[in-house]
Amino acid sequence: GRPLRRESTGSLGLSAGARALGEAGFELELRAERLLYGVRVDAPGHLCSDDCFTLEPGVPRRLALHPDGRSDAPQRAGLSALNMSGRLVVPLESAPA
């Protein structure tokens, strides 16, 4: 069944990083040592290729973040999950010109 209690990002072994894809947006890569259930991605100014999913332990997940046209949006993505306490914030930084 689904996880019943909330745990910290550290105890779940969650890590995430973003890679700039130029005008196409960003690629977000997520990894976890333990199961994350009901993962949500909140990235103002971007549309995520997937939302509300399960992240399996040891299986990296790559998501595309496409710009939605709001240039004034903060350059970060927030990750949350039903069995995770708090949020993990991932900076979205463009590649140096």
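## Cysteines

A residue is termed buried under 20% relative accessible area, exposed over 50%, and partly exposed in between. In this predicted model, C52 therefore counts as partly exposed, at 49% relative accessibility. C48 is likewise partly exposed, with a relative accessible area of 25%.

A search of the whole structure finds 0 disulfides. C48 takes part in none, and the nearest cysteine sulfur to it, that of C52, is 11 Å away. A disulfide requires sulfur atoms within 2.5 Å; the sulfur of C52, at 11 Å from that of C48, is therefore too far for a bond.

## Sheet architecture

Four strands form an open sheet in the order β5-β3-β7-β8, and their pairing is antiparallel. Its edge strands are β5 and β8 (88-91), each of which pairs on one side only. On average, neighbouring strands of this sheet are turned by 35° against each other, direction ignored.

Within the sheet, strand β3 (residues 36-42) pairs with strand β7 (residues 76-80) in the antiparallel sense over 3 bridges. R40 has S80, in β7, as its bridge partner.

## Aromatic contacts

The structure holds 0 aromatic pairs.

## Model confidence

The protein chain has an average pLDDT of 91, and 97% of the residues score at least 70. Among the elements of the chain, the lowest mean pLDDT, 93, belongs to strand β4 (residues 46-48), while strand β5 (residues 53-55) has the highest, 97.

Terms used. Residues numbered from 1 in each chain as written. Predicted model: local features only at pLDDT ≥ 70, side-chain atom pairs only at ≥ 80, totals over all residues. Heavy atoms only, no water. pLDDT = per-residue confidence, 0-100. Helix = DSSP H or I, 4+ residues; strand = E, 2+ residues; numbered from the N terminus. Phe/Tyr/Trp six-rings, centres within 6.5 Å; stacked < 30°, edge-to-face > 60°. Pairing = 2+ DSSP bridges. Axes fitted to C-alpha atoms, helices over the stretch in contact; angles between N-to-C directions. Buried < 20%, exposed > 50% of the residue type's maximum accessible area, 1.4 Å probe, protein only.
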